[in-house]
Structures are given as structure tokens and as C-alpha cells.
Amino acid sequence: MKYKNVLVTGAAGFIGFHLSKALLAQSIKVVGLDNINDYYDVNLKYARLAELGVQRADAEHWNHEAISDQYPDFRFIRLNLEDREALPLLFEREKFDAVINLAAQAGVRYSLENPMAYVDSNLVGFVNILECCRHYEVGHLVYASSSSVYGENGKVPFSEDDRVDYPVSLYAATKKANELMAHTYSHLYKIPTSGLRFFTVYGPWGRPDMAPILFASAITENRPIKVFNNGEMSRDFTYIDDIVQGIVITLNNPPAKEKEQPLYQVFNIGNGSPVSLMEFIATLEENLGKEAAKDMLPMQAGDVPRTWAETTYLNKIGYRSTTPVDLGVKKFVDWYKAYSDV
């Protein structure tokens with residue numbers, strides 16, 4: 001591994017938690033940062049941190065370094081990205097080799113209800129990260145973008161070469177803005193940046209506002225599941241282990257220096273094989289041993305009917321998605337049953 005001291009923002013989140021474990025397994029020093037907001041149940045976030053050896057009583061204090069009792073190379077700090085005083089002090093003190101920015105206000109539908117949360121975290125917070133990378137000579141910034149930047153792209157599969165000028169949610173617009181900001185900083189300040197357009201990530205310890213846990217919870221509690229667009233949807237469901245593999249590969253392959261070209265790259269990261277929503281539900285039902293009652297509903301504002309990742313560019317540097325949906329769903333359900341005690 002080229003980098004030895006890495007900041008992972010969003011470390012109490014779904015992807016950040018799994019990524020932190022993977023980096024620690026490679027003997028990399030990791031500082032995890034998260035504001036542990038209440039967009040979804042904070043108990044799940046603290047449970048992830050506990051898996052990383054950081055207990056809630058220590059993690060919940062603001063701007064406090066919590067030491068892992070399980071991983072000697074892991075420390076956690078509760079901090080907002082938009083804190084323009086504390087974040088630069090952290091960078092100055094730690095002298096990070098690389099930064100992986102996964103912290104963001106997530107959720108397409110929630111952006112209709114609370115737009116300012118997206119402005120604070122995804123725009124102001126991301127500029128703060130860029131400024132810190134600029135002033136403290138970070139070797140590589142890897143950051144989370146999203147497949148949502150493609151909007152209602154009619155061409156499939158979605159390619160990095162497609163135009164992404166027409167987002168259909170504020171969340172998507174903030175992710176496109178992140179890519180533009182990163183390009184600017186790469187051009188002006190020679191900061192190597194790599195954006196990853198995530199396609200529907202699922203697996204153990206996943207977010208409870210996303211379909212797998214929403215569906216599993218409803219099915220086990222005998223409540224109907226909400227099936228939008230009357231089930232006429234498909235998603236490029238990507239298992240968490242494949243996502244983590246792609247992030248690590250990207251981290252180790254910063255953009256190459258080319259004459260007159262900014263040190264900037266963007267990759268799709270997905271399974272590359274979309275699955276219909278109804279097929280995904282059927283796989284969940286099979287693994288839960290229970291059929292779902294289905295409430296068929298129209299498309300929600302800001303949502304898109306399908307996603308499908310073209311991953312050729314990421315494949316060229318070693319990425320492979322190897323987890324089929326039937327295996328990924330089984331692993332998810334096994335975790336869900338244990339975690340929920342059902």
C-alpha cells in the first residue's frame with residue numbers, strides 16, 4: 001500500500017465502516033471522522049464503531065480523539081466537515097498521506113425535505129476538505145460521487161463519457177458539484193483527485209433508509225413493502241465487499257501526471273449487471289422464508305427507473321465485481337437476522 005496514514009470521513013457510515021476495517025487489515029493507520037447525525041438511527045452507527053473497537057461513551061464527544069481498544073492503528077473523531085476551524089487543525093496535526101471522503105448527507109428523497117443539510121455537508125464540507133488537502137499537501141483525495149449524477153440518462157449502460165448535466169434531485173446536483181470542485185482543485189493546485197460514482201450499495205451493516213433493510217424489516221414484521229413505479233425499476237446492486245475492493249484499488253492508482261491534464265479522474269463503481277426490483281424482492285423473500293405483501297406505488301420525485309454501470313475504466317486498474325446478487329442477499333439476510341434478533 002502506497003499510503004500509510006489515511007483519513008476516512010464517514011467512518012461510522014455503511015461504506016466507511018467496511019473500508020476502515022479493510023485498511024486496518026493492511027496495517028494502515030486510519031483516522032475515522034463522522035458527525036454521527038440522526039438522519040437514521042444513531043444506534044447502528046455506534047454499533048459499527050463498536051465493531052471497530054470504539055465505544056459509544058468515548059465516540060459521542062465532539063472533537064475528541066477516541067482510541068480503539070481493538071485496532072491499535074484506529075482512532076475516531078466526531079466532527080463536522082464544515083467546521084472550518086477544527087478540520088484544518090486535524091490535518092495540520094496528522095499530516096495525512098491520503099483522504100477518502102465518504103461523509104455526505106445521503107438520500108435522494110430526503111433532499112426534498114431538508115435541502116440545507118446537503119448544502120452544509122456536501123458542498124460547504126467538501127470545499128473544506130479540498131482546502132485542507134490543498135494546504136496540507138495530501139497525496140491523493142478519493143471521494144464519493146454517485147450514480148445519481150446520470151439522472152434520467154436514456155443510454156445504458158451508464159458510462160463516464162456520458163453527459164451528466166441534468167440531475168433530477170438536489171442530492172445528485174451536489175455530487176455533480178463535487179466532481180466539478182475536485183476538477184478545479186486538481187487543475188489549480190495539482191491535487192490528485194479520484195471520484196467514485198457508487199451504484200446501489202448493499203450488504204451487512206447497510207443503511208436502514210435503503211431498500212434491503214426497509215424491505216427486510218417490513219417483511220419480518222408483516223407490513224407491506226412500498227414498491228415504487230409499480231415495480232418497473234432496475235438497479236445495479238453492488239455488494240459492499242466489491243465496493244471496498246474498488247475504493248482500495250482507486251486509492252492505490254492516483255491519476256497519472258500528463259502534460260496539460262489535471263490530476264483528476266472519475267470512475268463508475270458497480271456490479272455491471274442490473275437486477276429488476278421485483279427479482280431483488282423475490283431473492284429477499286426466498287432468504288427470509290417469507291413472502292412480502294406489496295404496496296404498488298407510482299415513481300417518487302427525484303428517483304430514476306434504472307441504473308447500470310459501465311465499469312471498463314475501473315476494470316483497467318484491477319477492479320472486478322465478483323459477488324452475484326443471490327450470494328450478496330444471503331450474506332445480508334444472515335447479518336440482518338443476527339443484528340435484529342429475528
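The model is predicted, so to speak of local features we need pLDDT of at least 70, while side-chain atom pairs count only at pLDDT 80 or more, and totals for chains, interfaces and linings use all residues. Residues are numbered from 1 along each chain, and side-chain values use heavy atoms, leaving out hydrogens and water.

Let's start with helix α4 (residues 86-94) and helix α5 (residues 115-135), whose axes lie 10 Å apart at an angle of about 30 degrees. That makes α4 roughly parallel to α5 (angles under 35 degrees count as roughly parallel). Helices here are DSSP runs, H or I, of at least four residues, and axes are lines fitted to C-alpha atoms over the stretch in contact, with angles from 0 to 180 degrees between N-to-C directions. Leu87, Pro88 and Phe91 of α4 meet Asn128, Ile129, Cys132 and Cys133 of α5, where contact means heavy atoms within 4.5 Å.

Now look at helix α7 (residues 211-220) and helix α9 (residues 277-288): their axes come within 11 Å and cross at roughly 50 degrees. Among the residues making this contact are Phe215 and Ile219 of α7, and Phe280 and Leu284 of α9.

What about the inside? A nonpolar core is a set of buried Ala, Val, Leu, Ile, Met, Phe, Trp, Tyr and Cys residues joined through side-chain atoms within 4.5 Å, buried being under 20% relative accessible area with a 1.4 Å probe, protein chains only. The largest one has 72 residues, and Ile15 and Phe198 are among those with the most contacts inside it. Helix α8 (residues 240-251) gives the most to this core, seven residues. A second, separate core of 26 residues includes Leu90, Leu130, Cys133 and Tyr143.

Note on methods
Helices (H or I, at least four residues) and strands (E, at least two) are DSSP runs, numbered from the N terminus. Angles under 35 degrees count as roughly parallel, over 145 as roughly antiparallel, 65 to 115 as roughly perpendicular and the rest as oblique. Buried means under 20% relative accessible area, exposed over 50%, partly exposed in between (1.4 Å probe, protein chains only).
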